[in-house]
Amino acid sequence: MYTAQNSGQLEFFDNLFMPVPIKKEHPIIKMADSIDWDSLCDNLSKFYCNDNGRPTKSTRAKIGLLLLRHYEKISDEQVVDRLERDIYYQYLCGLNMHEAQNFIEPSSLTHFRNKIGMEGVKMIEEAVRAVIKKSIAKKGGPKTGK
């Protein structure tokens, strides 16, 4: 069963016990702030049943883990391990430090990829491609090597 993103889940900065120091210019933070998460998650919701089964883990977090896996060129096991201890991974996935602990099994990323199939992966690629195009446009277009 698909769980909507605004389901009362705590946000990254909801941690009330200590300030979270992050560098806003970090590439992972820039990527996280540039993606239209609501639209992307809504588009992927079509791969889930709305009224049957147990609630899903955060779709944003699963998308974030897939993006990080490819960005860092690491395995499912490594990306899940780093989620528990890397504040930038947690930010991209929209999880706070407590939620990131034992959040997901590496095999769940395989199940997620199988569930969304190539169509869902293409949706994620298009969202990232849109972010890249916007970034290039802000910088004045691609540089030529001449």
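User: Among contacts in the chain between residues at least 6 apart in sequence, what percentage join residues at least 24 apart?

Analyst: Of those contacts, 73% join residues at least 24 apart, where a contact means heavy atoms within 4.5 Å. This is a predicted model, in which local features need pLDDT of at least 70 and side-chain atom pairs count only at pLDDT 80 or more, while totals for chains, interfaces and linings use all residues. Residues are numbered from 1 along each chain as its sequence is written, and side-chain values use heavy atoms, with hydrogens and water left out.

User: How many helices and strands does the chain have?

Analyst: The chain has seven helices and zero strands, and from the N terminus on its elements run α-α-α-α-α-α-α. Helices (H or I, at least four residues) and strands (E, at least two) are DSSP runs, numbered from the N terminus.

User: And what share of the chain is buried?

Analyst: Buried residues make up 38% of the 146 residues in the chain. Buried means under 20% relative accessible area, exposed means over 50%, and partly exposed is in between, with a 1.4 Å probe and protein chains only.

User: Let's look at H3. What is its span from first C-alpha to last?

Analyst: Helix H3 covers residues 59–72, which is 14 residues, and it reaches 20 Å from its first C-alpha to its last, close to the 20 Å expected at 1.5 Å a residue. The expected span is 1.5 Å times one less than the number of residues in the helix.

User: Is H3 mostly covered or mostly open, and what do its buried residues pack against?

Analyst: H3 is mostly covered, with 10 of its 14 residues buried. The buried residues of H3 include Ile63, Gly64 and Leu65, and the buried residues of this helix pack against helix H1 (27–34), helix H2 (37–44), helix H4 (76–83), helix H5 (87–93) and helix H7 (106–138).

User: What happens at the start of H3?

Analyst: There a side-chain oxygen of Ser58 reaches to within 3.4 Å of the backbone nitrogen of Arg60. A polar contact is a pair of N or O atoms within 3.5 Å; within protein, one must be able to donate a hydrogen and the other to accept it, and residues adjacent in sequence count only if both atoms are side-chain atoms.

User: And which residue follows H3?

Analyst: H3 is followed by Lys73, which lies in the loop between H3 and H4 and has a positive phi of about 55° although it is not a glycine. Most residues other than glycine have a negative phi. At 74% relative accessibility, Lys73 counts as exposed.

User: Where is Asn102, and what is its phi?

Analyst: Asn102 is found in the loop between helix H6 (97–100) and H7, and it has a positive phi of about 55° although it is not a glycine. Asn102 is exposed, with a relative accessible area of 67%.

User: Switching to pockets, how much space lies in the largest pocket?

Analyst: About 440 Å³ of space lies in the largest pocket. On a 1 Å grid over the protein atoms alone, a pocket is an open set of points where a 1.4 Å probe fits, with protein on both sides within 12 Å along at least five of seven lines, and lining residues have an atom within 4 Å of a point.

User: Which helix gives the most to that lining, and how do the residues divide by class?

Analyst: H7 gives the most to the lining of the largest pocket, with six residues, and the lining residues divide into six nonpolar, two polar and four charged. Here Ala, Val, Leu, Ile, Met, Phe, Trp, Tyr, Cys and Pro count as nonpolar, Asp, Glu, Lys and Arg as charged, and the others, Gly among them, as polar. Among the lining residues are Met31, Ser34, Tyr71 and Val131.

User: Is Val131 buried or exposed?

Analyst: Val131 lies in helix H7 and is buried, with a relative accessible area of 16%. Not counting residues up to four places away in sequence, Val131 touches Ser34 and Ile35. The C-alpha atoms of Val131 and Ala32, 99 residues apart along the chain, are separated by 10.0 Å.

User: Last one: what lies 3.0 Å from the backbone oxygen of Leu83?

Analyst: A polar atom of the side chain of Gln90 lies 3.0 Å from that oxygen. Gln90 has its place in helix H5 and is buried, with a relative accessible area of 2%.

How values were computed: Grid points are joined across faces, edges and corners, and a volume is the space filled by probe spheres set on the points.
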